[in-house]
Amino acid sequence: MHVWYALLARELVMFGFLLLVGLGPVTFLPARVDRASRVALAPAFGLAVAMCVLVTAVWRVPVDKSAWLLPLLAVVSVGIAAWRARNAAPAASERAPWRIGKLAAAQLLLVAVVVLGSLNQPLVRRDSVGPVGYGLADAGGYVLQQDGMRRESIHAAEREHPPWRDLTIQEWYGAASSYQQLGFDPVSADVAALLGLGASETYS
């Protein structure tokens, strides 16, 4: 598969989950926030919600055993959005928040194309889905952490000790037992688990 197709397919899966998880929360925004703005903000809200839930979950449960949480969050969020839409006033912004005008849809699509195109181009030129392509000193560590959290929870990893079974567990132990912050990693690892891919195939 061409790298462009692989990147876009994986990014669309991630974007789709974040959009769906965020549809429910954005219905609670003030009435002055129009529908197009709600749709634009939905992935950011979805990321915030997913991070809170999945970082909490990985404290006790490895990602491979809790990957179902992200689809569940999406279903619950869409249910909330539908319930809010059904009970909203006919002219309210939260009523069918996904229905936006053609101009607004074109503007959102243009932003997505520009952002994804500029970020994906270095990876495509190196024929890589990531993390090869950018000069990030810690990229290798983030990949190992994601693969490690898929196999062990934070609670289990911080109790590991040498000799290490493999490098992913060693790296994950270092993150789990220290001050290392966790944010997006459990979300990315969850999507990778759902796709049946490793972190080196999705961390871009």
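Predicted model: local features only at pLDDT ≥ 70, side-chain atom pairs only at ≥ 80, totals over all residues.
# Salt bridges, helices and buried residues

Q: What do the side chains of R165 and E160 meet in?
A: The side chains of R165 and E160 form a salt bridge, with 2.8 Å from N to O. A salt bridge here is a side-chain nitrogen of Lys or Arg within 4 Å of a carboxyl oxygen of Asp or Glu.

Q: OK. Is R165 buried or exposed?
A: R165 counts as exposed, at 51% relative accessibility. Buried means under 20% relative accessible area, exposed means over 50%, and partly exposed is in between, using a 1.4 Å probe and protein chains only.

Q: How many salt bridges does a search of the whole structure find?
A: The search finds five. One of them pairs D166 with R151, at 2.5 Å from N to O.

Q: Where do D166 and R151 sit?
A: D166 is in the loop between α7 (154-157) and α8, and R151 is in helix α6 (residues 139-151). The two are 15 residues apart, and the pair links distant parts of the chain. D166 is partly exposed at 25% relative accessibility. R151 is also partly exposed, with a relative accessible area of 41%.

Q: And which residue does E158 form a salt bridge with?
A: E158 pairs with R159, and their closest N and O atoms are 2.9 Å apart. E158 counts as partly exposed, at 26% relative accessibility.

Q: Let's step back. How many helices and strands does the protein chain have?
A: The protein chain has 10 helices and zero strands. Both are DSSP runs numbered from the N terminus: helices are H or I with at least four residues, and strands are E with at least two.

Q: What about burial: what percentage of the 204 residues is buried?
A: Buried residues make up 39% of the 204. The accessible surface of the protein chain is about 11,300 Å², and 65% of that belongs to carbon and sulfur atoms. Accessible areas come from the Shrake-Rupley method with a 1.4 Å probe, and for residues only the protein chains shown count as cover.

Q: Which residues are buried in helix α8?
A: T168, I169, W172, A175 and A176 are buried in α8, which spans residues 167-176. They cover an arc of only 125° around the axis, so they are on the same side of α8. That arc is taken from the directions from the helix axis to the C-beta atoms.

Q: Why do residues three or four places apart point the same way in an α-helix?
A: An α-helix has 3.6 residues a turn, so residues at that spacing point the same way.

Q: Switching to α9: how many of its 11 residues are buried?
A: Nine of the 11 are buried, and α9 is mostly covered. Among the buried ones are P186, V187 and V191. Just after α9, G196 takes a positive phi of about 70°.

Q: At what angle do helix α1 and helix α9 pack?
A: Helix α1 (residues 3-26) and helix α9 (residues 185-195) pack at about 120°, with their axes 11 Å apart. Axes are lines fitted to C-alpha atoms, for helices over the stretch in contact, and angles run from 0 to 180 degrees between N-to-C directions.

Q: Which residues make the contact?
A: On the α1 side they are R10, V13, M14, F17 and L18, and on the α9 side V187, S188, V191, L194 and L195. Contact means heavy atoms within 4.5 Å.

Q: How do α2 and α4 pack?
A: Helix α2 (residues 35-58) and α4 pack at about 145°, with their axes 11 Å apart. A50, V53, L54 and A57 in α2 meet L69, L70 and L73 in α4.

Q: Is A50 buried or exposed?
A: A50 is buried, with a relative accessible area of 0%. Leaving aside neighbours within four places in sequence, A50 is in contact with V21, V55, L70, L73 and V187. A50 and P186 are 136 residues apart in sequence, and their C-alpha atoms are 8.8 Å apart in space.

Q: Last one: where does V76 lie?
A: V76 lies in helix α4 (residues 69-87) and counts as partly exposed at 44% relative accessibility. The C-alpha atoms of V76 and L23 are separated by 9.8 Å, and the two residues are 53 apart along the chain.

Terms used:
Residues numbered from 1 in each chain as written. Heavy atoms only, no water.
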